[in-house]
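Dear colleague,

I am passing the structure on to you below, together with my notes on it. Please read the notes with the structure open beside them.

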Amino acid sequence: MIRPPHSLNIGTMENDQNELRRVYQIGRKEAEQKLTLLEKYLNC
């Protein structure tokens, strides 16, 4: 499962570009770290 390691503390209607960028980068980092495992899973 790809999910943040901790609560993001962001609302569902967030408009602050810096906050949106922050959570995007957290998600991207997590996905990159799990990519090898995901590829193994999909190739089974």
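This is a predicted model: local features need pLDDT of at least 70, side-chain atom pairs count only at pLDDT 80 or more; totals for chains, interfaces and linings use all residues.

The overall picture

The protein has 1 helix and 0 strands, where helices (H or I, at least four residues) and strands (E, at least two) are DSSP runs numbered from the N terminus. Its C-alpha atoms fill a box of roughly 40 × 15 × 15 Å along the principal axes. Of the 44 residues, 7% are buried, a term that stands for under 20% relative accessible area, with exposed meaning over 50% and partly exposed in between (1.4 Å probe, protein chains only). The accessible surface comes to about 4,200 Å², and 53% of that belongs to carbon and sulfur atoms; such areas come from the Shrake-Rupley method with a 1.4 Å probe.

The salt bridges

In one of them, Arg22 pairs with Glu19, the closest N and O atoms being 2.9 Å apart. Both residues lie in helix α1, 3 residues apart, about one turn of the helix. Arg22 is partly exposed, with a relative accessible area of 30%, and Glu19 counts as partly exposed because its relative accessibility is 23%. The other salt bridge joins the side chains of Arg28 and Glu32 at 3.5 Å, N to O, and these two residues, also in helix α1, are 4 residues apart, again about one turn of the helix. Arg28 has 44% relative accessibility and therefore counts as partly exposed.

Two further points

Leu38, which is found in helix α1 (residues 17-42), contributes to a nonpolar surface patch of about 530 Å² together with Ile2, Leu35, Tyr41 and Leu42. Leu38 counts as partly exposed because its relative accessibility is 36%. Asn9, in the segment before α1, has a positive phi of about 50° although it is not a glycine, and at 66% relative accessibility Asn9 counts as exposed.

How values were computed
Residues are numbered from 1 along each chain as its sequence is written. Side-chain values use heavy atoms; hydrogens and water are left out. Patches are made of residues with over 30% relative accessible area and no salt bridge: like charges are joined within 9 Å, nonpolar side chains (Val, Leu, Ile, Met, Phe, Trp, Tyr) within 5 Å. A salt bridge is a side-chain nitrogen of Lys or Arg within 4 Å of a carboxyl oxygen of Asp or Glu.
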